[in-house]
Amino acid sequence: MRRLAIGVSLACALAAVGGSAPASASISGVAAKQWAAKIARIGARPAGGANERRAREIVRRRFDTLGYAVRTQVFGLPNGGRSRNVIGRTPGPIRVIIVAHIDGVHGTRAANDNASGVGVLLTVARYLAEEDGVLVAALGAEERMVTGSSWHLGSRRLTSSLTPTQKAGVRLALSIDMVGVGTTLNIRGLEARPNRSARILLAAARRLGIRASYLRDTGQSDHDDLTRGGVPAAWIEWRWDRCWHRPCDTISRLKAYRLRPAGRVVLAAARDVLN
């Protein structure tokens, strides 16, 4: 009994001086995969379809349960249909934006691309719900091969809804996309050298002892439209997935041990900005 009391006292003392384990250590890859499975089991989620709406409702309910102020943004598709973003906000000026696209291509359950990103988003959102200045969002209509647009329409709609003052106040913006399969963790961006968001993510990974490298791309995820719209953003991704946009992109292939470090890096980076 005395040993237990001493242990409890020691734990409390460590917590009081900041010696407790960081919240990022608590990120569960298993929980992220469970959320991803809820999304992937719905089936194919092309933009504007019934399955995209069903997946969006899962996210909306989760954001609401966590205490975020939730709203949706409606936007048009080139085929005349409609898609939506579901957005969760905490009080105060926006300092952190974290997004993951919820749609997928035809003919696949789109487990890695991108139920995996939504799963990590929902897991991280749990730990940021009490922080001021957070915007989390599940975006529609990212897949340009489905919409026929040259834009990632959901992120373009989100970016256009931000005022110049709001854009200037954002310190970290990122897309979580394809984080359940692969051997190399990349922080990606449009620039030849990492922008502010990418630098924050890379620094968080180093501090956690997670190997991550910067990789330039030409805009294959939602960070593209955020960056071009005035919010310098990065994309976190495990590479490479041979089942990208193929029917074999199934939930059984997602690895909890890939989801967890992605979530840890995202959460640590967000906390670096917020605290």
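How many residues does the largest nonpolar core have, and which of those have the most contacts inside it? The views below show a predicted model, in which local features need pLDDT of at least 70, side-chain atom pairs count only at pLDDT 80 or more, and totals for chains, interfaces and linings use all residues. Residues are numbered from 1 along each chain as its sequence is written, and side-chain values use heavy atoms, without hydrogens and water.

**View 1. The largest nonpolar core has 60 residues.** Those with the most contacts inside this core are Phe63, Tyr68, Ile98, Leu128, Leu172, Ile176 and Ile236. A nonpolar core is a set of buried Ala, Val, Leu, Ile, Met, Phe, Trp, Tyr and Cys residues joined through side-chain atoms within 4.5 Å; buried means under 20% relative accessible area with a 1.4 Å probe, protein chains only. Another core, of 14 residues, lies apart from the largest one and includes Ala137, Ala173, Leu226 and Val231.

**View 2. Surroundings of Tyr68.** Beyond its neighbours within four places in sequence, Tyr68 is in contact (heavy atoms within 4.5 Å) with Phe63, Gly88, Arg89, Thr90, Ala125, Leu128, Ala129, Val134 and Val136.

**View 3. Helix 2 (residues 29-40) and helix 3 (residues 50-66) cross at roughly 140°.** Their axes come within 8 Å; axes are lines fitted to C-alpha atoms over the stretch in contact, with angles from 0 to 180 degrees between N-to-C directions. Helices are DSSP runs (H or I) of at least four residues, numbered from the N terminus. Trp35, Lys38 and Ile39 of helix 2 meet Ala55, Ile58 and Arg62 of helix 3. Four of the contact residues are nonpolar, none polar and two charged.

Definitions and conventions
Helix = DSSP H or I, 4+ residues; strand = E, 2+ residues; numbered from the N terminus. Nonpolar A, V, L, I, M, F, W, Y, C, P; charged D, E, K, R; others polar. Buried < 20%, exposed > 50% of the residue type's maximum accessible area, 1.4 Å probe, protein only.
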